[in-house]
Amino acid sequence: MDAYAGNIAYIDLSAGTVKVKPTPQSMKEEYIGGRGFGIRFLTDMVLPGTDPLSEDNALVFATGPLTGTGIPLGSRYEISTLSPLTGCAISSNSGGVFGWKMKKAGFDAAVITGKAPKPVYLFLDNGEVSLFDAADVWGRTTGETTDIIQQEHDDTKIRVACIGPSGEQLSLITCVINEKYRAAGRGGCGAVMGSKNLKAIAVRGEQKIGVADEDSLNLIKDRIRGKIEAEGVSKSIQDYGTAVLVNIINENYILPTNNFQTAHFEEAEKVSGETIKETIFKKAKGCYACIIRCGRVHEIEGKTGEGPEYEPIWAFGPDCGIDDLIAVTKANSICNEYGLDAVSAGATIACLMEMAEKGYVDHPIRFGDADGMLAVLRQMATREGIGEELADGSYRFAERYGHPELSMSVKKQELPAYDPRGLQGQGLAYATSVRGGDHVYAYLISPEVLGSPEKIDPYETVNKPEWVRTYQDLTAAIDALGMCLFTVFSLNADDYADLMTAATGIPFDAAKVMTAGERIWNLQKLFNLDRGIGMDADTLPERLLSEPLQEGAPKGMVWHRDELLKEYYAVRGWDETGVPTTGKLKELGIH
Amino acid sequence: MNGPPERSATTPPATIATMQTVSITVKTFATFREVADATVVLNIAGGATIRMVLDVITTRYDGLGKMLFTETGDLRKYVNILKNGRNIHFIEGLDTIIEDGDIIALFPPVAGG
């Protein structure tokens, strides 16, 4: 017995057929699970030139071997697909309970191809795979969809991951929402589901998840629980949620404000984790097996909801020049209900605000206009008015009006809430991310700002390529294992290897964990290169290269692409144009 | 490398007490606000260091010293202190000299985001 469910379901929506096959041992050894499985399937199944919104694209839901094993923070599942937003192979993950229940339903992965002739939802139900008519839920919000599917089966234990109306309308910045409030957010996974007429995946599982060596695993669980709770590193986000970062990042003068025109927001305190705790906070909430519980349940005007997290707060708050916490929270809720990626949605409105202020677009909205922000967001969610043009993200919108440089994006995906001019390592992580503008494929904020595992100077470029590579590879492995990225603050590759070995019986050491991560990264890079996404795309918006920061300690700084990128490629064992060498691929066993 | 956390000195050493007084602002965040005010304005002798500022602050607020320092008097590993947005770790650490108008920000350990 091991921690894998043992089966993978292959669903052809065009034919309406399902096949279930054993999970290949070689996949476990080389790609672990989760993101690794997803990227491997995409590479094997999606040909270059494929339209991401066609039936030829594939969509992979996958858990990791540690998902649902009771290991603290072992809750994640991954969605992988060819992104309609970036053109890259992307994976996007989410927590909650869905991943655990998907594995208990008996599946390590669901590989979905084709396009259903009419809206359907997929049901993974204790080893059985079925397609159901989704007429009753098509057009519904994510919350309504979840409730209706549970009611149809008369079982509130069923967990649902679904798209909202925005995904049905193929907005390129749509996510998949599980359990109403948890988002696999980036890259447009929701649009891919919409293009396949797939409204939701429901899971029901009561099967036992075994492990190879339960005694050893229990000992390791105790060890890593101690590490996660040591030094009080988890207490701040237990008490204040991820929004505790608002003030920290602002005080470092790296909080992007007004579409990255500055990096310090005078009114940050008003949308901070500290203010949330004093005002709208109702209680903390955690994912399956979580001992941190960073989730927030809020109450506004007598109505409860979840969030907002740090990134949506930033996107609808400081990046739009808005200090109204209630408006920001409402914006986050709209994104949850309609299935929009809150980071991209907020950043796209910030782009609109700058273009409107500069007279490039005839629109009344301006920075700081909370009511205007909410009105535009509702239009984006339903593709009405200017929302029709904004619903595919900032890059396509800004390009349409002749100013793509005002889209603060990498590979057409909006950047998150840290200004890379004062963060040379994070800037490199943004530029080289194989899924586009993003912070969770390598969170250099940890050493450059938070001082974990050690403090490294955010303004320096020396050794940053090595740091970035290490974080990228380790994160790929964590995403494959099914663990929450928040473990990276406390655990190291040895810990993950010990967990993997005890849970699966497959011998892993730290080097093998890191090699698996590197293999996944390189495979994802090759996928992108095959689609023409190469060195030219490994950069940041021109503003971040040429317009120095104007305030605080990082005043005068820009991001230093040339010296960082060249060394990064060398550290990766790639050629000087960023292409993995034959030797590197042979070393990693990629074929 | 550092003095005990609950050192009682509330005034700078005589050698700098005669120097011109400077005004600085100390900000606390997250769990530190459970024991300290969010913003504190201090008038302190010019030439004082961050260490001296922390002496004053930890004397004023019970419990803050234990949150900042270990039992052996070292600054806790994941505590971050900024001087005008720059982590003092990359200046002179606790020996960093403060100047008039400085904003000193104190952050507890944070893992996540």
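In this predicted model, the contact between α17(A) and α19(A) is made by Q424(A), G425(A), L428(A), A429(A) and T432(A) on the α17(A) side, which meet K464(A), P465(A), W467(A), V468(A) and Y471(A) on the α19(A) side. Sorted by class, the residues of this contact comprise six nonpolar, three polar and one charged. The axes of α17(A) and α19(A), the latter covering residues 464-481, are 9 Å apart and the two helices pack at an angle of about 55°, which means that α17(A) is oblique to α19(A). The crossing of α17(A) and α19(A) is right-handed.

Two further helix pairs of chain A can be set beside this one. Helix α12(A) (residues 325-338) and helix α14(A) (residues 370-382) have axes that come within 10 Å and cross at roughly 5°, so α12(A) is roughly parallel to α14(A). From α12(A), the residues A327(A), K330(A), A331(A), I334(A) and Y338(A) meet A370(A), M373(A), L374(A), L377(A), R378(A) and A381(A) of α14(A). This contact of α12(A) with α14(A) holds nine nonpolar and two charged residues, and no polar ones.

Helix α20(A) (residues 493-504) packs against helix α21(A) (residues 510-529) at an angle of about 95°, with the axes 8 Å apart, and therefore α20(A) is roughly perpendicular to α21(A). The residues that make the contact are A493(A), D494(A), Y496(A), A497(A) and M500(A) of α20(A), together with A510(A), K512(A), V513(A) and M514(A) of α21(A). By class, seven of the residues in the contact of α20(A) with α21(A) are nonpolar and two are charged, while none is polar.

| Helix pair | Crossing angle | Axes |
|---|---|---|
| α17(A) and α19(A) | about 55° | 9 Å apart |
| α12(A) and α14(A) | roughly 5° | within 10 Å |
| α20(A) and α21(A) | about 95° | 8 Å apart |

The peptide bond from G307(A) to P308(A) is cis, with omega near 0°, and P308(A) belongs to the loop that runs between β15 (303-306) and α11 (310-316) of chain A. The peptide bond from S452(A) to P453(A) is also cis, with omega near 5°, and P453(A) is placed in the loop between α18 (445-450) and α19 of chain A.

For L73(A), in the loop between β3 (59-63) and β4 (77-82) of chain A, phi is near 70°; L73(A) is buried, because 26 other C-beta atoms lie within 10 Å, where 20 or more are required. For K412(A), phi is likewise near 70°, and this residue is in the loop between β16 (409-410) and β17 of chain A. K412(A) counts as buried because 27 other C-beta atoms lie within 10 Å.

The loop between β17 (413-414) and α17 (424-432) of chain A holds P416(A), which is buried, with 24 other C-beta atoms within 10 Å. Leaving aside neighbours within four places in sequence, P416(A) is in contact with E311(A), V343(A), D438(A) and H439(A). Computed along the sequence P416(A) and G106(A) are 310 residues apart, and their C-alpha atoms are 35 Å apart in space.

Turning to chain A as a whole, the fold has 24 helices and 17 strands, and its C-alpha trace spans about 60 × 55 × 50 Å along the principal axes. Among the contacts in chain A between residues at least 6 apart in sequence, 70% join residues at least 24 apart.

Finally, there is the meeting of the two chains. How many residues of chain B are in contact with chain A? In chain B there are 23 such residues, and they are in contact with 32 residues of chain A. On the side of chain B that touches chain A, the elements giving two or more residues are β3 (80-83), β4 (86-87) and β5 (103-107) of chain B. The residues on that side of chain B divide into eleven nonpolar, eight polar and four charged.

Definitions and conventions:
Residues are numbered from 1 along each chain as its sequence is written. Chains are lettered from A and ligands numbered from 1 in the order in which they are written. This is a predicted model: local features need pLDDT of at least 70, side-chain atom pairs count only at pLDDT 80 or more; totals for chains, interfaces and linings use all residues. Helices (H or I, at least four residues) and strands (E, at least two) are DSSP runs, numbered from the N terminus. Two residues are in contact if their C-beta atoms, placed from the backbone, lie within 7 Å. Ala, Val, Leu, Ile, Met, Phe, Trp, Tyr, Cys and Pro count as nonpolar, Asp, Glu, Lys and Arg as charged, and the others, Gly among them, as polar. A residue is buried if 20 or more other C-beta atoms lie within 10 Å of its own, exposed if 12 or fewer, and partly exposed in between; C-beta atoms are placed from the backbone. Axes are lines fitted to C-alpha atoms, for helices over the stretch in contact, and angles run from 0 to 180 degrees between N-to-C directions. Angles under 35 degrees count as roughly parallel, over 145 as roughly antiparallel, 65 to 115 as roughly perpendicular and the rest as oblique. A crossing is left-handed if the near helix is turned anticlockwise from the far one by less than a right angle, and right-handed if clockwise.
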